[in-house]
Amino acid sequence: MEIQLWREILDPYGQAVSEITTKLNNFRLECKNHNIYCPMESIQGRVKEVSGIIDKMRRKGIPFERMEEEIEDIAGIRIICQFIEDIEAAVEVIEKRTDMEILHRKDYLTNQKKSGYRSYHLIIAYTVNTMKGPKRLQAEIQVRTMAMNFWATSEHFLQYKYKNQLPEQISAQLERIAQATTQLDEEMMKVRNEIMDAENNNSIQCLLVKDILNTIENLYRLSNNEREAIKIQDEFYRIYQLNDLNALQHFHDQLDILSEDNQTQSIN
């Protein structure tokens with residue numbers, strides 16, 4: 001086959017990879033600008049090498065005229081996430097897009113491969129506009145965590161090195177590493193949940209403190225009793241130093257009751 005023909009075939013796939021990665025990176029930028037957590041840590045893309053396409057056609061017995069229909073990953077996008085839960089969120093982002101149609105899925109999280117490979121694949125249809133007009137083609141989007149990506153990249157390198165004939169010892173090592181990466185992802189999720197709980201508690205505490213100080217100030221204005229206001233403020237500082245969110249919430253609620261009583265007395 002002439003080189004020019006391969007270029008003619010693969011150029012639209014390169015365009016698709018460029019456009020899809022740009023769009024997903026723009027989504028990441030939007031999240032950053034709006035101070036919203038983005039489930040996508042990074043996005044990578046590539047067009048499959050000609051040698052890889054030919055090798056896949058030979059292994060699967062795919063005739064050249066069926067190449068674009070049967071090889072789904074000529075255009076490949078990889079979304080790397082920090083945590084397992086982010087994978088589902090990243091997939092939802094793709095599902096909501098109107099410029100990418102999901103044709104089918106390959107869930108290697110629920111159905112882990114025997115080798116230990118874990119990832120979530122989406123096969124999408126995407127249309128690019130070329131000189132010859134619009135071209136609808138397939139692309140594969142892989143969504144995985146950093147730990148999964150480390151394992152998959154290492155396994156791919158070893159498969160290439162040993163020409164897909166891994167020694168039994170190395171296969172066993174990869175299985176053990178796969179188990180370790182699974183455990184790592186699970187532990188990272190626990191850490192993430194603890195961080196999120198701490199952040200939520202910190203946000204609640206900040207709001208309570210702000211409201212309490214405003215209430216104390218209003219009480220002083222209503223009663224004009226500086227001694228009482230200082231007494232309440234000292235009690236607040238004592239409770240705040242306990243670093244007990246429940247105690248702070250209780251103090252806030254009691255202060256609200258006291259404030260309402262003072263407002264009623266002031267009106268009367």
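In this predicted model, Lys113 lies over the face of Tyr117, with 5.1 Å to the ring centre. The charged end of Lys113 also sits over the ring of Tyr108, 4.8 Å from its centre.

**Aromatic rings**

- Tyr108 and Tyr117 form an aromatic pair of the edge-to-face kind, with 5.7 Å from centre to centre and 70 degrees between the planes.
- Both Tyr108 and Tyr117 are buried.
- The structure holds 6 aromatic pairs.
- Elsewhere, ring pairs link Phe236, Tyr237, Tyr240 and Phe251 into a cluster.

**The sheet**

- Five strands make up an open sheet with mixed pairing, in the order S1-S2-S5-S4-S3.
- Strand S1 (42-47) and strand S3 (101-107) stand at the edges; each has a single partner strand, so one side of each is left without a neighbour in the sheet.
- From one strand to the next, the twist averages 25 degrees.
- Helix H4 (residues 84-96) packs on the sheet and touches strand S2 (75-81), S3, S4 and S5. The direction of H4 makes about 165 degrees with that of S5.

**Strand pairing**

- Strands of a sheet pair through backbone hydrogen bonds, in either the parallel or the antiparallel sense.
- S1 and S2 run antiparallel and are joined by 6 bridges; here Ser42 has Ile80 in S2 as its bridge partner.
- S2 and S5 pair in the parallel sense over 7 bridges, and Ile79 stands opposite Val143 in S5.
- Strand S4 (residues 120-130) and strand S5 (residues 133-145) run antiparallel, with 11 bridges between them. Ile124 stands opposite Ala139 in S5.
- Of the 7 residues of S2, 6 are buried, so this strand is largely enclosed by the rest of the structure.

**Glu72**

- Glu72 is found in the loop between helix H3 (67-70) and S2.
- The side chain of Glu72 makes a polar contact of 2.8 Å with the side chain of His104 and another of 3.0 Å with that of Lys106.
- Not counting residues up to four places away in sequence, Glu72 touches His104, Lys106, Ile123, Gln138, Ala139 and Glu140. Ala139 is also the residue that Ile124 stands opposite in S5.

**Arg118**

- Arg118 lies in the loop between S3 and S4.
- Side-chain polar contacts join Arg118 to Thr182 at 3.3 Å and to Asp185 at 3.4 Å.
- Leaving aside neighbours within four places in sequence, Arg118 is in contact with several residues, among them Ile84, Tyr108, Leu109, Gln112, Arg144 and Met148. Tyr108, in turn, is the ring paired edge-to-face with Tyr117.
- Arg118 and Thr215 are 97 residues apart along the chain, and their C-alpha atoms are separated by 54 Å.

Methods:
Residues numbered from 1 in each chain as written. Predicted model: local features only at pLDDT ≥ 70, side-chain atom pairs only at ≥ 80, totals over all residues. Heavy atoms only, no water. Pairing = 2+ DSSP bridges. Helix = DSSP H or I, 4+ residues; strand = E, 2+ residues; numbered from the N terminus. Axes fitted to C-alpha atoms, helices over the stretch in contact; angles between N-to-C directions. Contact = heavy atoms within 4.5 Å. Phe/Tyr/Trp six-rings, centres within 6.5 Å; stacked < 30°, edge-to-face > 60°. Buried < 20%, exposed > 50% of the residue type's maximum accessible area, 1.4 Å probe, protein only. Lys NZ or Arg CZ within 6 Å of the ring centre and 35° of its normal. Polar contact = N/O pair within 3.5 Å; in protein donor to acceptor, adjacent residues only side chain to side chain.
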